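Here is a short briefing on one protein chain.

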Amino acid sequence: TRKQIFDRDGINCYLCGKPTDPTATHIQGQEGWETYPHVEHVIPLAKGGTDTLENVRIAHAKCNIDKGIKLLEEL
């Protein structure tokens, strides 16, 4: 769950290192949506990643969308 990830990793986006904002809107296009914390798959499901706690991290909504299905080394 998101709480388990926050407890393990804190609230900073693992992609850019800046804090996420759990109070921000999650609706894309509304003010502040970019900082909402998404659960991001380090190895995307589309590339064989698993939907497990070990493969997910917190990322800003915008960072997650920008990453898409790329692997970290492809960024």
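The sulfur of C13 lies 3.8 Å from its closest cysteine sulfur, that of C63, which is too far for a bond. A disulfide would need the two sulfur atoms within 2.5 Å. The model is predicted.

**Cysteines**
- How many disulfides does a search of the whole structure find? The search finds zero.
- Is C13 buried or exposed? C13 counts as buried because its relative accessibility is 2%, and the cut-off for buried is under 20%.

**Fold and dimensions**
- The chain holds two helices and two strands.
- Along the sequence, these elements follow the pattern α-β-β-α.
- The radius of gyration is 12 Å, close to the 11 Å that the globule rule gives for 75 residues, so the chain is as compact as a globular protein of that length.
- The C-alpha trace spans about 35 × 25 × 20 Å along its principal axes.

**Packing and contacts**
- Buried residues make up 31% of the 75 in the chain.
- Take the contacts between residues at least 6 apart in sequence: 57% of them join residues at least 24 apart.

**Surface and charge**
- The chain carries 9 positive and 11 negative charges. Their mean positions are 2 Å apart.

Conventions: Residues are numbered from 1 along each chain as its sequence is written. This is a predicted model: local features need pLDDT of at least 70, side-chain atom pairs count only at pLDDT 80 or more; totals for chains, interfaces and linings use all residues. Side-chain values use heavy atoms; hydrogens and water are left out. Buried means under 20% relative accessible area, exposed over 50%, partly exposed in between (1.4 Å probe, protein chains only). Helices (H or I, at least four residues) and strands (E, at least two) are DSSP runs, numbered from the N terminus. The radius of gyration is taken over C-alpha atoms; the globule rule is 2.2 Å times the number of residues to the power 0.38. Contact means heavy atoms within 4.5 Å. Lys and Arg count as positive and Asp and Glu as negative; His and the chain ends are not counted. The place of a charge is taken as NZ of Lys, CZ of Arg, CG of Asp or CD of Glu.
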